[in-house]
Amino acid sequence: MRPCARFLSSMAGKNKRKLEDLSVDEFMLSGFDSHEEDACEDEESTQQKGKMKKPAPQKTSDKKQGKASEHKDQLSALKSNDPDFYEFLQQNDQKLLNFDDSDSLEDEDEDEEERMYHRLPSQLEEADDDEEEEEESEKKDAKKSKEATKVTEAMIENWRAGLTKEPTAKLIRDITQAFKAAVATTKGDSEELCRYTISDSAVFNSLVLFCIKDMHAALSKMLKLKAPEQGQKKLILPSSSPRWQKNQIDIKMYVAGVVQLLSSLTQATVIAAVLRHANQMVPYYLCLPKQCRHLLKSLIKHWSTGEETVRVLAFLALNKICRHKQEIYLNSVLKQMYIAYVKNCKFTSPNTLPMINFMQRTLAEMYSLDTQVSYQHAFIYIRQLAIHLRNAINLKKKETYQSVYNWQYVHCLYLWCRVLSTIYPSEVLEPLLYPLCQVIIGCIKLVPISRYYPLRLHCVRAITLLSANTKTYVPALPFLLEILQREDFNKKPGRMSIKPINFAVILKLSKTNLQEKAYKDGLVEQLYDLILEYFHTQACSIGFPELALPTIVQLKAFLKECKVANYCKQMRQLLEKIQENCSYITGRRQKAAFGVADVTAVMEDLNLPEIKRKKAEEKKANKKEFKGLFESDSDDDDDDLFKSKEEQGGSDEDEGLEDLSDLSDEEDVDDSEEDDSDGDQKKPSSSKGKTPKKMLSTELKVVAEGDEDMVEDLELSDQD
């Protein structure tokens, strides 16, 4: 409540009389005259009318009204009501009477800004929203122009010298305020109030360069952080410093400005420089979760869309943050990186292919940080790929085929092959090998026509990568040999083409491409490379001669039928390489003093745990004891089981290899392995050793019902 209002309310409570009815003595005790009451009533009425947006008439005067003018009116009223007291003031306090309205505004505590804005107008105008907004904006601009200090090169040099000598909290605050103003200019944010202003591009460049070079060392020196020891992996967080709380606001403003600067820059060299600085400032971001999330978002954007150097620097910062805060950031970062990868794989060209390969390798590196989190992501996304494939197989519509036969699907298959290959060996992710291979094989078989041979080649390349790095046999050769059988390479091309076909960046061939000579030339080259690459992954296998036999037969048949010299030259060279390696492996096998079936000789140097079995009588006793628990268990079931296994073991090894081209979801890995083992026992080996004796089904049953496995630890010497 204003002083005059308080006075009127107190007077109303004490006495209902008007001020005109008061005597001089009563008036002097109250300290006001009747004119004061009128002035207060007028003032209150004008304020209410101003709120109601109605014109408030008031007497105009040449001089602006304020506290000084009000006091002047009071003294003039005092002269008329009490001339004796007024005369006393003239004699004793002449200074009180002789003043103008500017004297009251020149207090020591008031500055120029108050003299500019706090002088009351002589007349109140009609209130208007637009005029009020304009007036407020003008005041803000005036205040900004009045307060903002223009940054110069000399100021930057002084700051640099100050940081070199002794960085203080005040100096860091000035630099961060100037850096904030520089970032505001890049955003075009002129409304943000800053202590400094930057109008010259040269000053902007100097300031940003100064901050990038010197701020990290200055902050570490001010917070008295110890330098990390050589080989120390754990980061020293600045929040451990006792000075962190005092300077946290300024540091938060600075690191937020770095993120905003990254989002507004366009030149690759400048972005790379700022990213190097952001990599240095990672410990500070780890202490500020909100700013860290903004930085991660910006880093993922640069990792997926930037120039080569920018991508590498962004990945290094992402990896550094996730390594030290896995439980907080890794899960969300992997999800966002995978989504960014899929978005950028929609179109593949010779220019974008290196970028996609880089994203594959770096994303696989990120998944290797935590296999538990990686398994959850891989399971969900591989299952998603399998659902798309199942819908395409069941519905058999163009839309469902297109959901599988596109670049995003193929690159996702290749990504998960690379992830499992990078993290191998891992017991957590190993169960995903089989479903991923089934999805890739199903993708090949979905539309097995010549127009989609490029997509088939991409899938075979992914299978080869997975098989080579996980030491898992995945049948890929049948899908390549099938092309040699179906395609007629003797047929003359319908048209000649000057430009070769780049199979690395296409998934489907047009009808025109199928008639060109470049198509068959490129197809033969791709088959040559992929067959050679796959055999390279199996070159040291003891079963290489048996694995290569179907390919050798197919290549010989191709050479007999094909009449094109260039194609025959390539395939003959490939055949010679395969036969050469077969001869080498066969020679090494013949030098061995033991057979493949001699388990004791094969295992003698492996130091495997010794396995002991319980006697058959004890096992039967256990069966009788727990027979009532499982009523479905019976000897008849065991007999049927062994009969089916015996029947499955009747096929020889060559037939087993040919049947791999018709893999289905119902096949079992264990059954196929047993087929190979039985085939080896029934078919004579290519070596000169004796053929192992065939085991009867009764003998197999006795072996299966043998003693229970017991593992004992072997005592190894220090040398072992």
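A cavity is a set of grid points where a 1.4 Å probe fits but cannot get out, and its volume is the space filled by probe spheres set on those points. In this predicted model, two cavities of 30 Å³ or more are present. The largest cavity holds about 50 Å³ of space. Its lining consists of L420, I423, Y424, P425, S426, L429, E430, L433 and T470. By class, the lining of the largest cavity comprises six nonpolar residues, two polar residues and one charged residue.

T470, one of the lining residues of the largest cavity, belongs to helix α23, which spans residues 453–470. Helix α23 packs against helix α24 (residues 477–486) at an angle of about 155 degrees, and the two axes lie 10 Å apart. Angles over 145 degrees count as roughly antiparallel, so α23 is roughly antiparallel to α24. On the α23 side the contact is formed by Y453, R456, L457 and V460, and on the α24 side by F479, L480, E482, I483 and R486. The contact of α23 with α24 contains six nonpolar and three charged residues, and no polar ones.

Helix α11 (residues 201–223) takes part in a packing with helix α13 (residues 268–280), at an angle of about 10 degrees and with the axes 10 Å apart. Angles under 35 degrees count as roughly parallel, and α11 and α13 are therefore roughly parallel to each other. The residues that meet are C211, I212, M215 and H216 of α11 and A273, V274, H277 and Q280 of α13. Five nonpolar and three polar residues make up the contact of α11 with α13, which has no charged residues.

Helix α11 also packs with α9, again at an angle of about 10 degrees and with axes 10 Å apart; α9 is therefore roughly parallel to α11. From α9, the residues E153, I156, W159, R160, L163, T164 and K165 meet A202, V203, S206, L207, F210, D214, M215, A218 and K221 of α11. This contact of α9 with α11 has nine nonpolar, two polar and five charged residues.

W159 and Y196 form an aromatic pair with an edge-to-face arrangement, at 5.7 Å centre to centre and with 90 degrees between the planes. The pair links distant parts of the chain, since W159 lies in helix α9 (residues 153–165) and Y196 in strand β2 (residues 196–197), 37 residues apart.

Methods
Residues are numbered from 1 along each chain as its sequence is written. This is a predicted model: local features need pLDDT of at least 70, side-chain atom pairs count only at pLDDT 80 or more; totals for chains, interfaces and linings use all residues. Side-chain values use heavy atoms; hydrogens and water are left out. Axes are lines fitted to C-alpha atoms, for helices over the stretch in contact, and angles run from 0 to 180 degrees between N-to-C directions. Helices (H or I, at least four residues) and strands (E, at least two) are DSSP runs, numbered from the N terminus. Angles under 35 degrees count as roughly parallel, over 145 as roughly antiparallel, 65 to 115 as roughly perpendicular and the rest as oblique. Contact means heavy atoms within 4.5 Å. Ala, Val, Leu, Ile, Met, Phe, Trp, Tyr, Cys and Pro count as nonpolar, Asp, Glu, Lys and Arg as charged, and the others, Gly among them, as polar. On a 1 Å grid over the protein atoms alone, a cavity is a set of points where a 1.4 Å probe fits but cannot get out, and a pocket is an open set with protein on both sides within 12 Å along at least five of seven lines; lining residues have an atom within 4 Å of a point. Rings of Phe, Tyr and Trp (its six-membered ring) pair if their centres lie within 6.5 Å; planes under 30 degrees apart count as stacked, over 60 as edge-to-face and the rest as tilted.
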